[in-house]
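Subject: Structure handover

Hello,

Here is the structure for your files. My notes on it come after the sequence and coordinates.

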Amino acid sequence: MATEKAQRKRDLILEKAKMLFIQRGYAATSMDELVKFTGASKGSIYYHFDSKEDLFIQLLAKQNQEWMEAWRDKKAKYESFEEKLYGIADHMVDDFQNPLTKVAEEFYINQPNDNTLLNKLLAILQGPRALYLEILKEGADQGIISPEEIEEVSVIFGSLLDGLSTTFYERSQEELRTLYRKGVSIFLQGVMAGRAED
């Protein structure tokens, strides 16, 4: 377990690295620039992170955790199962304004076929899926949707939200929000119709 001082140093490196990645992009940021910008020695950076890739993945994991915590704070204001699905879709659209999102896309595109790296990225993606599953379980517990195959349904819901994100560059934030809400409506019609057939 890292000491409190080591954790503070790690968090400081992540915060400073985030600013530099946003300014320069992933590919254009070298390890030497990270050393200079963070004020940490190369040894200190390598003590906390295996590589520049690992540092960036840890930054994405931290951002993902913060996104999930922000959703948990918001979740209480939504009363119904349906409102929560629309709410988490809106929460995702709001995150598109996060400047690290564009850098993350560059990172994903430029990575070689590395299974270790891919597994780390998949672990990050599974975090939001757990949130979708929680909401869908509430719907099943209330008898609104079928409890059958609820895990697969949560993957489908996550894929819907993730897939719609590909239109990020084509639409304004409000157009995206409208599209996401329409997607949630169509999804709800499908899962609720499936329940009616049971």
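The notes below go from the overall fold to the cores, the aromatic pairs and the pocket.

This is a predicted model, in which local features need pLDDT of at least 70, side-chain atom pairs count only at pLDDT 80 or more, and totals for chains, interfaces and linings use all residues. Residues are numbered from 1 along each chain as its sequence is written, and side-chain values use heavy atoms, with hydrogens and water left out.

Fold. The protein chain has nine helices and zero strands (DSSP runs numbered from the N terminus, H or I of at least four residues for helices, E of at least two for strands). Its C-alpha trace spans about 60 × 40 × 35 Å along the principal axes. Of the 198 residues, 42% are buried (under 20% relative accessible area with a 1.4 Å probe, protein chains only; exposed is over 50%, partly exposed in between).

Cores. A nonpolar core is a set of buried Ala, Val, Leu, Ile, Met, Phe, Trp, Tyr and Cys residues joined through side-chain atoms within 4.5 Å. In the largest one, with 31 residues, Leu85, Ile88, Leu136, Phe157 and Tyr180 touch the most other members. H4, H5, H7, H8 and helix H9 (173–197) each supply at least two of its residues, and H5 gives the most, with seven. A second, separate core of 23 residues includes Ala17, Phe21, Leu55 and Ala104.

Aromatic pairs. The whole structure holds 11 aromatic pairs (ring centres of Phe, Tyr and the six-membered ring of Trp within 6.5 Å; planes under 30 degrees apart are stacked, over 60 edge-to-face, the rest tilted). Phenylalanine 96 and tyrosine 180 form an edge-to-face pair, 6.0 Å centre to centre with 65 degrees between the planes. Phenylalanine 96 sits in the loop between H5 and H6 and tyrosine 180 in helix H9, 84 residues apart. Phenylalanine 96 counts as buried at 10% relative accessibility, and tyrosine 180 is buried at 0%. Elsewhere, ring pairs link Phe21, Tyr26, Phe56 and Phe107 into a cluster.

Pocket. A pocket here is an open set of points on a 1 Å grid over the protein atoms alone, where a 1.4 Å probe fits, with protein on both sides within 12 Å along at least five of seven lines; lining residues have an atom within 4 Å of a point. The largest pocket is lined by 21 residues, with Met92, Asp95, Tyr108, Leu125 and Asp162 nearest its centre. By class, its lining has 13 nonpolar, five polar and three charged residues (charged being Asp, Glu, Lys and Arg; nonpolar Ala, Val, Leu, Ile, Met, Phe, Trp, Tyr, Cys and Pro; the others, Gly among them, polar).

Regards
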